[in-house]
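Here are some exercises to work through with the model open beside you. Try each task before reading its solution.

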Amino acid sequence: MTADYKSTLFLPKTEFPMKAGLPKREPELLERWQAMDLYRVLREDSKGREKFILHDGPPYANGHLHIGHALNKILKDVINRSQQMLGKDANYVPGWDCHGLPIEWKIEEQYRAAGKDKDEVPIVEFRRECRDFAEHWITVQSDEFQRLGVIGDWKKPYTTMSYDAEAQIVRELGKFIMDGSLYRGSKPVMWSCVEKTALAEAEVEYDDHKSTTIDLAFPVIKASVPELENAAIVIWTTTPWTIPGNRAIAFGASMDYRVVEVGEVTEKSGAKPGDRLVFVAELMEHALKRCGVTAHKEVAQLKGADLAGTVTSHPLRGQAYDFDVPLLAGGHVTTEQGTGFVHIAPGHGADDWVLGIENGIEVPFTVGEDGAYYDTVPLFAGKRVLTADGKEGDANGAVVKALAETGHLLGVGRLVHSYPHSWRSKAPLIFRNTPQWFVSMETTGLRETALAAIDATRWVPASGKDRIRGMIEERPDWVLSRQRAWGVPITVFVHKESGEVLRDQQVIDRIADAVAEEGADAWFDGDPQRFLGNDHKAGDYEKVDDILDVWFDSGSTHAFVLEQREDLAWPASLYLEGSDQHRGWFHSSLLESCGTRGRAPYDAVLTHGFVMDGEGRKMSKSLGNVVAPQKVIEQYGADILRIWVVSADYSEDLRISGEILKYQADSYRRLRNTLRFLLGNLADFDASERLEPAEMPELERWVLHRLVELDKVVRDACDNFDFHELFVAVHNFCATDLSAFYFDIRKDALYCDRVDSVRRRAARTVLDVLFDCLTAWLAPVLCFTTEEAWLTRFPGEGESVHRRVFPDVPETWRDDALAKKWQRVRRLRRVVTGALEVERREKRIGASLQAHPKVYATAEDIAALDGLDLAEIAITSSATLIEGTAPDDAFRLDDVVDIGVVPGFADGQKCERCWMILDDVGRDPIYPELCARCADAVASVTHVVEVGG
């Protein structure tokens with residue numbers, strides 16, 4: 001007769017499956033959270049706690065989510081969940097940016113496809129279509145964000161197009177009206193001829209563009225020094241079309257210049273022998289080559305400062321361009337490219353405008369909103385710089401032809417270079433002088449206030465501070481106006497005779513009240529007298545119809561979200577977006593809040609990088625390397641995407657590909673298997689089994705020590721928003737300290753020891769603590785899987801792992817001396833397992849329990865093992881520990897040369913229950929197939945199944 005002892009083993013029991021099936025399981029958990037209204041439950045649980053408010057930077061409501069959205073929202077969710085579990089009230093209100101060009105452009109695309117003319121559609125009807133479009137995509141994106149596991153107030157999000165939001169934006173604008181910092185001025189701005197509007201810097205992207213270049217001579221008519229008599233100043237430009245707007249030439253005051261006399265020239269050169277030309281020394285040879293000058297002689301050397309006071313004539317003089325062109329010292333002149341001189345067209349460049357204003361130079365209007373020269377521009381009226389679809393027009397050609405006829409055009413070329421383009425239409429942009437509405441950076445000290453606010457803010461990473469500080473230090477006044485239809489209007493009245501802005505708080509209040517009741521359409525669809533009241537006549541005022549820059553909308557969200565919702569707080573604890581938002585949302589929010597409240601609307605700012613493909617390339621449809629979050633979720637589940645977000649340093653650019661996702665799926669499986677092991681071996685666990693640490697074996701006390709260390713890592717990582725460090729630490733703990741070490745050793749005790757053995761009870765007590773800690777520590781990242789694990793063990797109706805806080809890990813569990821000792825024990829164990837792996841590979845043994853290794857070690861190693869069972873730790877049936885040097889043929893590791901192992905076979909018989917080979921097998925008369933330990937364990941249970949043999 002033999003017995004089947006399997007039923008006497010305490011094998012793992014759990015309904016938590018090995019295979020996750022996340023694409024199917026996650027939606028079920030989402031339904032559960034929605035049914036129990038987990039968001040509301042958390043708010044109730046958190047009443048009275050310290051608030052943590054991560055204010056959501058609003059995405060545009062204009063399409064399906066891309067992988068960048070997933071990175072951003074998952075990271076926000078991980079932060080919110082971790083702060084909630086740190087014991088705070090982390091209330092997250094998602095939002096959407098609904099106004100502006102991206103949505104307006106979509107409606108115009110629909111119009112063009114249908115053959116409709118936008119200009120023939122009433123503005124209120126057009127705006128209604130934009131609103132409907134945004135509402136549709138808010139619904140779609142809300143569902144997609146929630147599928148990522150993002151928890152927040154999805155039933156009551158904020159939108160920039162809600163009436164209350166539009167009304168508050170009007171009030172915020174009113175504050176700039178009333179303090180005198182809002183003004184209408186004429187400045188060159190980035191202009192899209194396709195969209196027919198000014199663009200903010202954040203709406204501009206740079207791409208390669210092929211431009212016509214010219215080298216052009218400006219004859220000197222008043223020389224500051226004799227060496228310049230009868231000479232010409234040579235400029236080089238990539239925008240010939242700006243020459244009609246030229247009003248000055250800039251030089252570098254500290255640079256070295258040369259006057260040369262032309263000797264020989266090529267057939268195509270515009271220069272003539274005997275011409276005297278001036279260049280900066282460093283660029284002279286390159287410039288002469290471009291101009292087709294093959295021989296020359298140097299006739300004078302000058303310092304830039306010597307050029308001050310020199311005046312030239314416009315190359316088109318005699319053709320209605322009869323004004324003088326002075327030379328002015330300019331700090332923006334460099335020797336990187338060109339001639340060392342910069343032609344100044346104050347209406348077509350920021351530096352040009354500043355230099356012109358500083359020197360009292362006229363700022364002409366030359367190019368209209370459609371990219372064509374105004375009728376007042378001599379020679380070139382009606383010529384187009386860019387066509388309606390963004391292609392190069394006929395202006396450059398006409399200007400080059402006219403300049404060639406004057407004899408002053410020295411050379412023409414073509415250059416591929418980085419050039420500003422609209423992020424929406426992808427068409428190239430131009431700088432053009434236009435009347436716009438601005439907020440002054442100086443009138444109320446806005447620049448100084450913003451710089452002080454930057455210094456008072458925590459920036460993560462710290463480099464973000466220098467980046468935004470440099471932008472604020474150098475930035476021009478804030479352009480608020482856009483010549484579009486879909487947005488909050490610039491609710492300003494201008495007196496027709498004086499040109500003064502109407503600064504009347506009662507008028508502003510009436511406008512805001514109307515917008516709160518009817519939406520911003522009220523400004524476009526009604527009698528302006530309703531706003532002006534009895535104190536002002538509508539006939540005396542011009543009503544401005546431009547709309548606000550959408551960055552003013554989103555920059556004001558702190559005012560209509562944080563300040564107006566009782567469940568939130570101002571300022572925000574954290575703003576978090578991509579690193580491009582130093583010039584976007586972080587920037588506009590800073591300026592708006594500093595201008596109206598004197599400080600930043602945030603205490604801290606965190607930035608993340610962009611998403612690249614596996615080879616570090618930008619994603620594009622043409623490359624076929626776009627990874628859609630929806631597809632990843634369908635294949636792997638959202639928890640895999642969430643692991644991907646924290647698996648790398650997200651302050652840098654993140655890479656994603658099929659291979660990278662497979663790697664993250666492997667990491668996930670290791671974590672899932674850890675949770676499954678815990679659940680399986682905690683089946684029927686009862687609090688009465690628990691032991692105090694003092695009653696536990698050293699191994700269990702070492703695990704508790706590791707939990708103390710890990711608890712600090714987790715909490716510090718959450719405070720520092722360093723979830724990469726958190727994830728790596730917890731993952732490695734699970735994979736290395738637990739699965740490959742602690743679990744590996746304790747499986748035997750868990751499965752084979754008596755139920756009431758100290759070793760098994762201690763192990764189960766520690767497993768319970770591990771489950772408590774790991775489900776909490778991993779919950780912010782693996783929000784679905786940890787919930788599944790928690791509910792497997794605690795399936796109550798109101799239960800959720802997300803209602804918990806990080807458990808308190810007693811500092812009394814710390815035992816640095818024990819940790820140091822076990823570091824040495826693990827070092828020795830690594831050599832033994834390495835030796836046994838060689839034996840298995842060579843098929844000399846089948847399993848480590850067949851082995852009896854002789855381990856040669858130092859006195860320190862042997863002392864570390866005092867009171868421990870080396871066979872238990874090495875998972876062998878027996879082992880011998882010998883102080884001294886191992887034989888030459890012993891197994892050694894290259895990095896542990898003072899420990900050697902000589903493998904051998906264990907003596908005795910195989911226990912049919914634990915499979916150890918021991919010399920006490922057969923001594924028990926009732927259970928002769930078992931070792932003494934197993935015979936005792938079986939005797940303690942009542943269930944043994946006899947089978948015939």
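This is a predicted model: local features need pLDDT of at least 70, side-chain atom pairs count only at pLDDT 80 or more; totals for chains, interfaces and linings use all residues.

Residues are numbered from 1 along each chain as its sequence is written, and side-chain values use heavy atoms, with hydrogens and water left out.

**Exercise 1.** Describe how helices H20 and H23 cross, and find which residues make the contact.

*Solution.* 
- Start with the elements: H20 covers residues 658-681 and H23 covers residues 758-778. Helices are DSSP runs (H or I, at least four residues), numbered from the N terminus.
- Next, take the axes, which are lines fitted to C-alpha atoms over the stretch in contact, with angles from 0 to 180 degrees between N-to-C directions. The two axes come within 9 Å and cross at roughly 140°.
- That angle makes H20 oblique to H23 (under 35 degrees is roughly parallel, over 145 roughly antiparallel, 65 to 115 roughly perpendicular, and the rest oblique).
- Now list the contact (heavy atoms within 4.5 Å): H20 supplies Leu671, Thr674, Leu675, Phe677, Leu678, Leu679 and Asn681, and H23 supplies Arg764, Leu767, Leu770, Phe771, Leu774, Thr775 and Leu778.
- Finally, sort these residues: 10 are nonpolar, three polar and one charged.

**Exercise 2.** Locate the salt bridge between Lys175 and Glu172, and decide whether each partner is buried, partly exposed or exposed.

*Solution.* 
- A salt bridge is a side-chain nitrogen of Lys or Arg within 4 Å of a carboxyl oxygen of Asp or Glu. For Lys175 and Glu172, the closest N and O atoms are 3.1 Å apart.
- Both residues sit in helix H6 (residues 163-178), three residues apart, and so about one helical turn separates them.
- For accessibility, buried means under 20% relative accessible area, exposed over 50%, and partly exposed in between (1.4 Å probe, protein chains only). Lys175, at 33%, is partly exposed, whereas Glu172, at 0%, is buried.

**Exercise 3.** Examine the salt bridges Arg384–Asp370 and Glu811–Arg814.

*Solution.* 
- Arg384 and Asp370 meet at 3.7 Å, N to O. The two residues are 14 residues apart, each in the loop between helix H8 (350-358) and helix H9 (395-406).
- Arg384 is partly exposed at 25%, and Asp370 is partly exposed at 29%.
- In the other pair, the closest N and O atoms of Glu811 and Arg814 are 2.6 Å apart. Glu811 is exposed at 51%, while Arg814 is partly exposed at 29%.

Note on methods: Ala, Val, Leu, Ile, Met, Phe, Trp, Tyr, Cys and Pro count as nonpolar, Asp, Glu, Lys and Arg as charged, and the others, Gly among them, as polar.
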